[in-house]
Amino acid sequence: MPHVNPYRLESLLANASDIIVILDQQGTFCYVSSSAERILGYTPGESVGKHLSTFVHEDDVPVVLQTLLGALAEPGISQPAVRYRVRHRNGEWNLLEAVTTNLLDDPSVGGVVVNCHDITAHELAESWLRYHALYDALTALPNRRALADRVQALLEAGGQPFALLLLDLDRFKLVNSSHGHSTGDRLLQMTARRLIAALPKQGVVARLGGDEFAVLVEDATLPGIVEDVTDRVHQALSAPFAIDEMEVFVSASVGVVLSSLDRSVAGYQRAEELLRDADIAMYRAKTLRQTHSVVFDSSMRDRAVTRLQLESQLWRAIERGELEPYYQPVVCLKTGRIKGFEALVRWHHPQRGVVSPAEFVPIAEESGAIGQIGEWVLEMACHHVRAWNQGTSRSDMPITIGVNLSVQQLAQLDLAKHMHSICLSAEVEPSWIGFEVTESMMLDREDTIASTLAEFRRLGFRISIDDFGTGYSSLSRLHQLPIDTLKIDRAFVAPIEADGRNVAIARTILALAESLGMDVVAEGIETPDQARELQSLGCQYGQGFWFSPPVDGATATQMLDRIFEL
């Protein structure tokens with residue numbers, strides 16, 4: 001065998017990403033690799049001769065000793081990996097994942113070898129993603145998903161009746177437009193604190209998004225409890241809010257739905273059904289103006305009728321050409337050049353003007369129109385991307401377009417082949433088209449969606465996970481999915497200048513994406529400082545209003561040669 005230079009070996013161990021230790025049968029350190037100083041702050045000399053319990057968290061010592069006993073009973077066989085906390089020299093606790101192997105009988109080792117990998121940063125990232133998936137970043141209240149999970153659990157338990165209150169702040173848009181979004185955000189935070197203070201026991205407070213909050217009264221058996229909670233909500237918001245030496249007055253429209261409603265009519269099976277009916281009651285309260293609280297009843301279908309009318313008009317809008325594709329650029333943060341666009345859709349209603357996608361896209365998904373709209377968006381995207389790539393000299397880096405897919409589309413048989421045929425008919429290279437799915441879609445139907453996405457990849461399309469970080473898909477499973485690009489959700493980008501935790505999360509996602517060979521696009525960039533910070537972290541691409549809002553095809557064509565300066 002060739003001679004191994006011991007200095008080279010020690011240098012390799014010092015710079016290894018893992019710590020290697022050798023224990024005797026009692027758990028005393030006989031050898032510690034010099035990488036421990038870089039990872040935990042201790043020199044090998046400070047550890048050798050000491051028992052492992054000196055450094056391991058007292059709650060984790062039993063697990064470590066049990067693993068050691070298991071290794072002693074099975075010489076030469078690696079024990080299953082275990083996780084435990086080890087004290088860093090600075091006093092903090094690092095989380096290690098370790099594999100233990102008994103090599104006492106190996107004359108070149110003569111001890112129990114423990115290979116320790118520091119997973120502190122990885123665990124922090126996953127913990128933050130789990131938290132972010134269930135809590136609102138602005139108010140720290142449970143979010144819509146957390147609330148829906150709790151309501152679903154109550155429905156399935158089938159115990160005492162409960163009530164759900166959905167409240168929407170009146171005139172909140174006026175506050176935003178007249179005083180700015182910063183004031184609006186502070187108002188939302190103060191509203192959250194008031195609601196929590198007013199309802200210490202009676203209800204669970206959540207923020208559903210925008211200016212919508214919810215209160216879940218888990219035990220509505222006491223007479224008058226729902227009325228009391230509703231009164232407390234209104235009373236909590238009655239006093240003015242002092243923000244920047246000015247007084248801001250708000251009120252709330254509250255919709256109430258009771259789980260004990262006639263089940264033969266309501267038929268509540270899912271949490272979303274209660275949220276839907278509370279939403280109907282809340283908008284009813286808003287339209288009545290003088291009545292700030294309305295309890296839902298089964299005859300209250302005004303809003304449902306409006307939605308049906310809008311659904312009918314949406315089908316006609318497709319036929320009449322009232323829809324228009326819009327494109328938001330994706331910019332290379334290093335060069336400032338446009339890498340591609342995300343394709344979006346706008347509805348120019350002949351009477352109502354521009355209808356928000358937030359209003360008509362859910363209707364399109366519920367009615368099945370989303371499939372036809374999705375095909376049309378792809379056809380228009382193909383038309384534009386072919387023209388753009390024929391008119392550019394950058395043949396080595398063609399313009400690409402990202403097209404969003406809905407859950408309903410992904411349920412279609414042979415979706416990938418059908419989309420491929422559309423591209424072939426338009427004489428467009430599949431590599432010019434990327435399909436985007438949200439992380440929550442992957443979480444809900446990962447197994448079935450993964451196979452469909454694999455077919456897209458096989459046909460030459462690119463796949464992106466949109467809004468990454470909002471649905472908490474395990475970071476460790478990303479390598480199993482056919483993903484080319486991660487799009488970091490704007491919730492991580494917006495506070496990145498001031499929030500060190502968001503910088504750490506972004507850095508972890510970027511490192512993970514690099515190790516898996518994935519590109520990263522940061523969404524929602526609104527300031528040059530955000531763009532520069534993300535570039536310094538190694539993020540390749542950015543998207544957001546700092547560069548450009550979504551624009552029509554003609555404007556997008558004019559933008560192609562523009563270079564954005566950071």
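Predicted model: local features only at pLDDT ≥ 70, side-chain atom pairs only at ≥ 80, totals over all residues.
Strand E16, which spans residues 400-404, is mostly covered, with 4 of its 5 residues buried. In general, the strands of a sheet are held in such pairs by backbone hydrogen bonds, and the pairing is either parallel or antiparallel.

Asn 404 is also one of the residues touched by Gln 409. Gln 409 is placed in helix H15, a helix of residues 407-410. Its relative accessibility is 2%, so Gln 409 counts as buried, the limit for this class being under 20%. The side chain of Gln 409 reaches the backbone nitrogen of Ser 406 at a distance of 3.1 Å. Leaving aside residues up to four places away in sequence, Gln 409 touches Ile 370, Gly 371, Gly 374, Leu 415 and Met 419 as well as Asn 404.

Nonpolar side chains in soluble globular proteins tend to be buried together. In this model the largest nonpolar core contains 82 residues. The members that touch the most other members are Leu 378, Val 403, Ile 433, Phe 435 and Phe 456. Helix H14 (residues 369-390) supplies the largest share of this core, with 9 residues. Another core, of 32 residues, lies apart from the largest one and has Ala 163, Leu 167, Ala 220 and Val 256 among its members. The contacts of Phe 456, again without residues up to four places away in sequence, are Leu 405, Leu 415, Ala 416, Met 419, Phe 435, Phe 461 and Ile 463.

An open sheet is formed by 5 strands in the order E2-E1-E5-E4-E3, with antiparallel pairing. Its edge strands, E2 (29-32) and E3 (82-87), each pair on one side only. From one strand to the next, the twist averages 35 degrees. Within this sheet, strand E1 (residues 18-23) runs antiparallel to strand E5 (residues 111-118), and 6 bridges join the two. One of the residues involved is Ile 22, whose bridge partner in E5 is Val 113. Helix H4 (residues 61-73) lies across E1, E3, E4 and E5. The helix runs at about 15 degrees to strand E4 (93-103).

Ala 140 has a positive phi of about 65 degrees, although it is not a glycine. Ala 140 lies in the loop that links helix H5 (120-134) and helix H6 (144-157). With a relative accessible area of 44%, Ala 140 is partly exposed. Glu 427, another residue other than glycine, also has a positive phi, near 60 degrees. The loop that holds Glu 427 is found between helix H16 (415-425) and strand E17. The relative accessible area of Glu 427 is 63%, so this residue is classed as exposed, a class that begins over 50%.

How values were computed: Residues numbered from 1 in each chain as written. Heavy atoms only, no water. Buried < 20%, exposed > 50% of the residue type's maximum accessible area, 1.4 Å probe, protein only. Polar contact = N/O pair within 3.5 Å; in protein donor to acceptor, adjacent residues only side chain to side chain. Contact = heavy atoms within 4.5 Å. Core = buried A, V, L, I, M, F, W, Y, C linked by side-chain atoms within 4.5 Å. Pairing = 2+ DSSP bridges. Axes fitted to C-alpha atoms, helices over the stretch in contact; angles between N-to-C directions.
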